[in-house]
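Student: I would like a close look at one part of this model, followed by an account of how the rest is built.

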Amino acid sequence: MNSAFFIIGLVSILGFSSVNAIEIEFADRKPENSKNIIDRLKNDPDPSFALLDSITIELSNIGYIDASVIIKAGKLVIASGPRYTLSKLIIRADSTIEVSLNLAFDSLNIAMAVEQELQKYRDSGYHYVSAQTEDVELIDTSVTLNVSVNFGPLVKYGEPVFAGLTRTDHKLVKKFLPENKTGALTSDYLNETERAAAQIPFVKFNPPLALQPRPGYTVSDVVFNFLERTPVRLEGAAGFTGEKNAGAVWTLALSLNNLFGQGKEVSIISERRDNR
């Protein structure tokens, strides 16, 4: 065991010192998260091995792959080293695609860069596509990531499922939805369908659409959540006018929405004056 670690740990246990008494030194330029690191060390009364390891991992996760955190000569020495850059992403699928990047080589940027490319395949109907890292190329501090793509099945369109419709004719609702000409559940078709559902006048569509896979995951139904409008709406008003020889005046408006579940609407308006 490193004697410096042991002595500091022992003194801390005996209550004679804390992490606040330890001088923090950055061996080279400060990393971007230096303030966060300093705050973590100041708030911890006992700098354990686990804490130092977690700081090393934190630095590595944001691109400082060569980072080290040690205690030397009574000081906590943090050597972050250079920050590596994700410069290129090579996607190997049915063809090879190279994507030029200039991002810090950290876990979040890697995940977002890969996810952005995979989304293009999902847009085409490959909703279960996944990626696997095959190789990492390093030139100085520039990283090229080689990724292979597993498409999974092309998901075909099954049928619409209408949730929330008890009175409305499902066949009538289908007439308002676009035809799926390709047979695949592409993002373009789903977006178009969602817009069309929102335009149906006699029911209220609650987005988003949901996919309901069938056994085998090669076919998926599309679930629409609808809210049926109140079938009968009655509105009325009454009052007096200042006109000569005029008394009470009242109006009555009756609206029938989605009549018999066929999407028809009927409005009846009645007005009456009780003359003096």
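Over which residues does pLDDT stay under 50, and how many contacts beyond four places in sequence does the model have for them?

Tutor: The model is a predicted one, and the part you ask about is residues 1–21, where pLDDT stays under 50. For this stretch the model has 21 contacts beyond four places in sequence. The protein chain as a whole averages a pLDDT of 80, and 73% of its residues score at least 70.

The strands that follow can be described pair by pair. Strand 1 covers residues 23–26 and pairs with strand 3, residues 75–79, in the parallel sense, over four bridges. In this pairing Glu23 stands opposite Lys75. Strand 3 also pairs with strand 2, residues 68–72, here in the antiparallel sense and over five bridges. Strand 2 and strand 3 form a hairpin with two residues between them.

Next comes an open sheet of four strands, with the order 5-4-7-6 and mixed pairing. Its edge strands are strand 5 (96–104) and strand 6 (130–139), each of which pairs on one side only. On average, neighbouring strands of this sheet are turned by 20 degrees against each other, direction ignored. Within the sheet, strand 4 (residues 85–92) and strand 7 (residues 142–150) run parallel and are joined by seven bridges. Ile91 stands opposite Val147 of strand 7. Helix 4, residues 107–123, lies across strand 4, strand 5, strand 6 and strand 7. Its direction is at about 30 degrees to strand 4.

Some backbone details deserve a separate note. Most residues other than glycine have a negative phi, and most peptide bonds are trans. Asp140 is not a glycine, yet it has a positive phi of about 55 degrees. Asp140 is found in the loop between strand 6 and strand 7, and with a relative accessible area of 70% it is exposed. Tyr217 also has a positive phi, near 65 degrees. Tyr217 lies in the loop between strand 10 and strand 11 (219–228), and counts as partly exposed because its relative accessibility is 49%. The peptide bond from Pro207 to Pro208 is cis, with omega near 5 degrees. Pro208 is found in the loop between strand 9 (203–205) and strand 10 (210–213).

The aromatic side chains come next. The count of aromatic pairs comes to 10. In one of them, the ring centres of Phe176 and Phe202 are 5.4 Å apart and the planes are at 70 degrees, so the pair is edge-to-face. This pair links distant parts of the chain, 26 residues apart: Phe176 is in the loop between helix 5 (170–174) and helix 6 (187–198), and Phe202 is in the loop between helix 6 and strand 9. Phe176 counts as partly exposed, at 35% relative accessibility, whereas Phe202 is buried, with a relative accessible area of 3%.

Another pair is formed by Phe205 and Phe224, with ring centres 6.2 Å apart and planes at 55 degrees, so this pair is tilted. Phe205 in strand 9 and Phe224 in strand 11 are 19 residues apart, and the pair links distant parts of the chain. Phe205 counts as buried at 8% relative accessibility, and Phe224 is buried with a relative accessible area of 1%. Both rings belong to a cluster in which ring pairs link Phe162, Phe205, Phe224 and Phe226.

Some totals complete the account. The protein chain has six helices and 14 strands. Of its 276 residues, 33% count as buried. Its accessible surface comes to about 16,900 Å², and 53% of this belongs to carbon and sulfur atoms. Among contacts between residues at least 6 apart in sequence, 52% join residues at least 24 apart.

How values were computed
Residues are numbered from 1 along each chain as its sequence is written. Side-chain values use heavy atoms; hydrogens and water are left out. pLDDT is the predictor's confidence in each residue, from 0 to 100. Contact means heavy atoms within 4.5 Å. Two strands pair if DSSP finds at least two bridges between them. Axes are lines fitted to C-alpha atoms, for helices over the stretch in contact, and angles run from 0 to 180 degrees between N-to-C directions. Buried means under 20% relative accessible area, exposed over 50%, partly exposed in between (1.4 Å probe, protein chains only). Rings of Phe, Tyr and Trp (its six-membered ring) pair if their centres lie within 6.5 Å; planes under 30 degrees apart count as stacked, over 60 as edge-to-face and the rest as tilted. Accessible areas come from the Shrake-Rupley method with a 1.4 Å probe; for residues, only the protein chains shown count as cover.
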